[in-house]
Amino acid sequence: MSLPPNPIPAGDIRDKLIIGLDVPSVEEARAIVARIGDAGTFYKIGYQLAYAGGFEFARELIGQGKKVFLDLKLHDIGNTVEEGVRSVARLGATFLTVHAYPQTMRAAVAGKAGSSLKILAVTVLTSYDNNDLVEAGYAPVTAAELVARRAGQARDLGIDGIVCAATEAERVRAIVGPDRLIVTPGIRPAGADAGDQKRVVTPAQGIRLGADHLVVARPIVKAADPRAVAEAIVRDIADVKA
Ligand SMILES: O=C(O)c1cc(=O)[nH]c(=O)n1[C@@H]1O[C@H](COP(=O)(O)O)[C@@H](O)[C@H]1O
């Protein structure tokens, strides 16, 4: 059964920051959400938490009026993706990711029919550079070229939004137009450790380059004061938008 609609007002600047709850347990996630308080309105649940009670926690967050991005990065035969998306659509989440393969995207669009769930297509992971694509078996192609190709396919198949690095956001915007969402991980406040991310920009750069939402996990959830970091990023976003 779907949960009640989200009370966060449309256009709330805080919604531009999606906080990745990449933590090992619901208890830790709950504690971080409580510490962040009203500085955070939109949370992402990915592999680590999803497989550790995260689906029930998603319902809890939605019940508290938060928005939830289920980052499941689905990719399977069409029937499995379509039925999986149909199940996820009942949870009341706002976003769900699938990998940007045409069969998968087509199936996801069919599976979400009749629900308010938005499907985001992950083009080329932000931890990949051109060498990683060659290692994965792609004929020489740049990450930017492959992102552009997949963004065009996502647009043609009726996908709601694109996940890419902000370094590709301007090119993606030109391809998908103003109405589709661009969601960018690989965001690092100035001076923060990039970790395994390879195509990285700061929050302000991400928004300037045209991202609708920034995804940030470790710089917030591993911080001594997660609320302060979230507030600082929202301030950066607001400054660009002002
Ligand atoms: O789909 C995603 O959210 C995603 C796509 C991508 O290309 N790169 C990427 O980092 N992500 C996710 O975004 C988050 C980024 O985490 P941090 O690098 O800790 O900020 C992680 O939860 C990743 O799973």
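Predicted model: local features only at pLDDT ≥ 70, side-chain atom pairs only at ≥ 80, totals over all residues.
## Arg30, a residue in helix α1

Arg30 counts as partly exposed because it has 15 C-beta neighbours inside 10 Å; buried would take 20 or more other C-beta atoms within 10 Å, exposed means 12 or fewer, and these C-beta atoms are placed from the backbone. Arg30 belongs to helix α1, where a helix is a DSSP run of H or I with at least four residues, numbered from the N terminus.

Residue numbers start from 1 along each chain as its sequence is written.

## How α1 meets α10

Helix α1 (residues 26-36) and helix α10 (residues 226-241) have axes that come within 8 Å and cross at roughly 55°. The axes are lines fitted to C-alpha atoms over the stretch in contact, with angles from 0 to 180 degrees between N-to-C directions.

On the α1 side, Ile32, Arg35 and Ile36 make the contact, and on the α10 side Pro226, Arg227 and Ala230 do; contact means C-beta atoms, placed from the backbone, within 7 Å.

## The annotated domain

The unreviewed UniProt entry annotates residues 16-233 as "domain: Orotidine 5'-phosphate decarboxylase"; such annotations may be inferred rather than shown by experiment. Over residues 16-233, the chain is 44% helix and 17% strand, a strand being a DSSP run of E with at least two residues.

Technical notes:
Contact = placed C-beta atoms within 7 Å.
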